[in-house]
Amino acid sequence: MRRALAPALLSAALVAAWQLAASSGALASVLGLERFLVPSPAEIGSALWRDRGLLGENAWVTLRAVVLGFACAFATGVGAAVAMHLSGLVRRSAYPLMIASQTVPIIVVAPILVLWFGFGLLPKVVVVALVCFFPIAVATLNGLRSVDPEAIKLMRSLDASRAQIFTRLEAKAALPQLFTGTKIAIVYAPVGAVFGEWVGAGAGLGHQILVDNAQLAVPRLFAAVLVLSAMALALFGLVALVERRVVTWR
Amino acid sequence: MTADSPEAALTAAAAPAPGPGPSGVAIALRGVSHSYGSVPTLDRLELEVRAGETVGLVGPSGCGKSTLLELVCGLREPLAGTVAVDGRADAAGRLARCAYMPQRDLLFPWYSALDNAALALRNRGLARAEARRRAAAHFERFGIAGFEDARPDALSGGMRQRVAFLRTLVAGKPVIALDEPFAALDAITRAEMQEWLAAALRAEPRTVVLVTHDVEEALYLSDRVAVLSARPARIVAELRPPAPRAPDRAAAVTDPELLRLRERALRELREASR
């Protein structure tokens, strides 16, 4: 509770300063903008409340893409890491490809995905999965490979089979790193979903942000960003919670 | 295979061991050479360890002592020569007969002290409850009773070492290989642990290969001490301490004969590392 006090106070101070600067018109005149383009926190708050139905519906659409895409990335990322760890052949052949694939910007890939898979859920899921896969796979592989070789010798001397070395030593030792990668992935996941929606969608927070932008509905646009942020934070908190339950020795 | 008596459980769990050959030789290294890349670490080494004997190996840093232990334990194969344990020269055979205790305790932080100690039994396919029951029977005697459920990071250095040693003994192998078991401990704890290990080995004799930097430790704990040269390692001297694992350590390590052997070992080491 005490730890939360300092950031809470700072946020409150920032919001208050913004409120003053925006409602007095000072912020808009400094930026050289019309007043309606620079909403105050109070205006954003009331937009959030007024359009809660619309925002909720769109957030649900985005959240679905985020969760599905993340789940795919987690399964394939951990699976790929384990395969690369257990087989030198797989690692040598696939690892450079995996790195190289990351140099292709999602910005380029997303329109192609829309072209292939249409305007529905699938292309967003794929974009989220692409964004999340890399940090999970790399961190997990790193964790698996950083196991102390002495500990492996010890396990062999204690009659452990290859499978037991994996389950009782390597997999456990890799968990903290796996969670580090997962936390990075889950924070980027909503960004990925919004990106997928920008390229082509009929619903979702990304879609709504585009519409609000075009209609100059600035308070609601900010409200949508707020919802997106809250979603990322909540997902991060959920992963951190699971981590605390699983990695009890840190 | 009852675990009612601690001693019974430890030896009864012993893996497939036909016992030493008629000659009583448990470990035999013949003409063993090894190298890391182009750096030779062992050069035609000859060493025999009899069943129930503790042999200490001292030598300059990086002379290949740890390599030697890994060879004995079947964790590594020699480039030339043969390493046999109870007559078995293949790595799998040696692996089945030797328990290796690495330099650092390497207790797994995700397991409790008891689950760490029971690791070998679980690896051998025992159910968790049964493995824990058997390992728990020794906590009292090892002076770690009451710490069964403690996580390793909650234990002191000396306690961690006891759990690590128990983990090695519970594996039930006839040969144990100790790689600088007390190097990480402070001087007082180290002396205590040496006394404790001596008592543990008096109660339950095993064939032990002990690698250490500490000449006094080797001379107190071993029946025989082999002094190794710098890389590539050869045995340059073999010493027979007067009172191996005597109950009174303080008296044993100040015994004039032991002090004389200590001087000699240190002289040999100085010459060996030249």
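**Close-up views of a predicted model**

B:Thr54 stands opposite B:Val208 in S7(B). The model shown in these views is predicted.

**View 1. Strand S3 of chain B runs parallel to S7(B) and to S8(B).** S3(B) spans residues 54-58. To strand S7, residues 207-212, it is joined by 5 bridges. To strand S8, residues 224-228, it is joined by 4 bridges. On the S8(B) side, B:Leu57 has B:Ala226 as its bridge partner.

**View 2. Strand S3 of chain B is mostly covered.** Of its 5 residues, 5 are buried. B:Thr54, B:Gly56 and B:Val58 point one way. B:Val55 and B:Leu57 point the other way. Side chains in a regular strand alternate between the two faces of the sheet.

**View 3. Strand S6 of chain B pairs in parallel with S7(B) and runs parallel to S5(B).** S5(B), residues 98-101, is joined to S6(B) by 4 bridges. Here B:Ala99 has B:Ile176 as its bridge partner. The pairing of S6(B) with S7(B) extends over 5 bridges. B:Ile176 takes part here too, with B:Val208 as its partner in S7(B). From S6(B) the chain passes through helix H8 of chain B, residues 187-203, and on to S7(B). This β-α-β crossover is right-handed.

**View 4. Both faces of strand S6 of chain B are covered.** One side carries B:Val175, B:Ala177 and B:Asp179. The other carries B:Ile176 and B:Leu178. Each of these residues is buried. S6(B) is largely enclosed by the rest of the structure, because 5 of its 5 residues are buried.

**View 5. B:Leu178 sits in strand S6 of chain B.** The strand covers residues 175-179. B:Leu178 counts as buried because it has 25 C-beta neighbours inside 10 Å; the cut-off is 20 or more. Leaving out residues up to four places away in sequence, B:Leu178 touches B:Met101, B:Val208, B:Leu210 and B:Val211. B:Thr168 lies 10 residues away along the chain, and its C-alpha atom is 9.3 Å from that of B:Leu178.

**View 6. Chain A meets chain B.** The contact involves 14 residues of chain A and 19 residues of chain B. On the side of chain A that touches chain B, helix H8 (149-157) and helix H9 (162-199) of chain A each supply at least two residues. H8(A) gives the most, with 6 residues. The residues on this side of chain A divide into 6 nonpolar, 2 polar and 6 charged.

Key. Residues are numbered from 1 along each chain as its sequence is written. Chains are lettered from A and ligands numbered from 1 in the order in which they are written. This is a predicted model: local features need pLDDT of at least 70, side-chain atom pairs count only at pLDDT 80 or more; totals for chains, interfaces and linings use all residues. A residue is buried if 20 or more other C-beta atoms lie within 10 Å of its own, exposed if 12 or fewer, and partly exposed in between; C-beta atoms are placed from the backbone. Two residues are in contact if their C-beta atoms, placed from the backbone, lie within 7 Å. Ala, Val, Leu, Ile, Met, Phe, Trp, Tyr, Cys and Pro count as nonpolar, Asp, Glu, Lys and Arg as charged, and the others, Gly among them, as polar. Two strands pair if DSSP finds at least two bridges between them. A crossover is right-handed if, with the strands pointing away from the viewer, the path from the first strand over the helix to the second runs clockwise.
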